[in-house]
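Where does the ligand sit, and which residues lie around it? The report below takes up these points in turn.

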Amino acid sequence: MKRFPLGFFPTPVQELSRLSDRLGGPRIHMKRDDLTGLAFGGNKTRKLEYLVADALTGDCNALVTAGAAQSNHCRQTAAAAARAGLECHLVLGGERPPNVTGNLLIDELLGAHIHWAGPYRKGETLPDVERELTDRGLRPYMVPYGGSNVVGALGFVSAIEELVAQDESLAGQLTHVVFASSSGGTHAGMMVGAKQARLNCRFLGIGIDKEDAVDRMAARNIVELANHTAARLDLEHAFVAEDVELDFRSAAPGYGVVGKAERGAIRLCGRTEGILLDPVYTGRAMAGLINAIALGEFQPSDRVLFWHTGGSPALFSYADKLGSPA
Ligand SMILES: *Cc1c(COP(=O)(O)O)cnc(C)c1O
């Protein structure tokens with residue numbers, strides 16, 4: 001499968017010993033996909049390398065995708081389109097806010113065309129936009145929500161390959177990989193990558209979206225995506241629902257709602273390691289890891305890799321929730 005270069009790989013891995021000490025927990029390393037380098041970086045860069053190559057193979061001339069107003073996926077798609085010389089159309093939830101900041105500001109700076117979708121933030125209106133663009137004579141390439149289909153998931157199959165090649169000894173010692181999980185492409189790609197690389201550790205996704213019927217749905221979608229991705233690679237393995245570990249305990253307040261747990265995790269990581277998490281995904285995922293450590297769910301001998309999936313531009317749009325009180 002072809003790959004259109006968009007990021008700087010391998011992203012660094014570093015040990016967070018001050019954070020581990022503070023938490024009294026296992027050794028924690030971090031994979032810095034916030035540093036992929038594409039317009040503030042993030043995990044979508046990996047998926048987009050495969051998606052953009054696919055768009056160019058199909059002779060498309062516009063990328064179209066959807067998300068929330070502060071979507072990191074949309075921001076990286078806008079940058080990828082610019083790099084590949086494609087038009088970018090973003091279908092964003094809500095209305096254009098009076099003060100344009102964070103990811104939305106960057107979308108506009110990168111030249112993306114924005115279609116406001118009111119109550120829809122998951123691409124429900126994408127078919128209408130596709131028709132509109134086709135009628136105008138464009139050849140749109142539809143990037144799925146979160147970049148999560150088989151093509152996008154290949155980015156995380158190769159991410160695991162990258163990790164093993166980067167530090168085989170660390171990779172072999174890992175007991176857990178912890179990360180923010182939402183549309184599932186990251187999770188599914190990692191599971192397939194680990195199977196292919198014979199990496200034996202748990203992949204613990206921290207659910208970002210509210211827990212309701214969605215959690216079982218999410219697990220089913222991830223299994224299905226993992227199986228389709230494995231099939232694409234001729235990997236003979238059938239994943240089952242029990243292979244998907246998703247922890248929704250931190251997601252109860254709902255998508256993008258920043259509370260004490262996220263604020264605490266962002267401040268702790270910033271103040272012990274000088275690393276910025278984001279309010280919606282990695283802040284919540286770190287809060288989930290902190291909670292699980294506090295509940296004694298890790299052994300001192302465990303080795304945890306926290307996969308930083310990016311998102312820091314959204315910090316500025318949450319200034320009112322993240323500022324004082326401490
Ligand atoms: C999209 C995103 C995720 C979730 O990745 P999925 O593949 O959609 O599950 C995690 N963190 C950040 C910062 C993201 O932008």
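## Basis of the model

This is a predicted model, in which local features need pLDDT of at least 70 and side-chain atom pairs count only at pLDDT 80 or more, while totals for chains, interfaces and linings use all residues. Residues are numbered from 1 along each chain as its sequence is written, and side-chain values use heavy atoms, with hydrogens and water left out.

## Surroundings of the ligand

Of the 16 residues around the ligand, K44, K47, S183, T186 and T309 come nearest, where a residue counts as near if one of its heavy atoms lies within 4 Å. By class, this shell has two nonpolar, twelve polar and two charged residues (Ala, Val, Leu, Ile, Met, Phe, Trp, Tyr, Cys and Pro count as nonpolar, Asp, Glu, Lys and Arg as charged, and the others, Gly among them, as polar). Helix α2 (44-57), strand β7 (176-181) and helix α8 (185-197) each supply at least two residues of the shell, helices being DSSP runs of H or I with at least four residues and strands runs of E with at least two, numbered from the N terminus.

A polar side-chain atom of S183 lies 2.5 Å from an oxygen atom of the ligand, and a polar side-chain atom of T309 lies 2.6 Å from a nitrogen atom of the ligand. The protein covers 98% of the 380 Å² of accessible area that the ligand has on its own, as computed by the Shrake-Rupley method with a 1.4 Å probe.

## The largest cavity

The ligand sits in the largest cavity, which is to say that more than half of its atoms lie within 2 Å of the grid points of that cavity. On a 1 Å grid over the protein atoms alone, a cavity is a set of points where a 1.4 Å probe fits but cannot get out, whereas a pocket is an open set with protein on both sides within 12 Å along at least five of seven lines, and lining residues have an atom within 4 Å of a point.

The largest cavity has a volume of about 270 Å³, and among its 28 lining residues N43, K44, S182, S183 and Y281 lie nearest its centre.

The largest pocket holds about 490 Å³ of space, and of its 20 lining residues Y145, S182, S183, G184 and N221 are the closest to its centre. Helix α9 (residues 214-232) gives the largest share of this lining, eight residues.

The second largest pocket holds about 280 Å³, with M191, A194, K195, L199 and C201 closest to its centre among 14 lining residues.

Key. Polar contact = N/O pair within 3.5 Å; in protein donor to acceptor, adjacent residues only side chain to side chain. Points joined across faces, edges and corners; volume = space filled by probe spheres on them.
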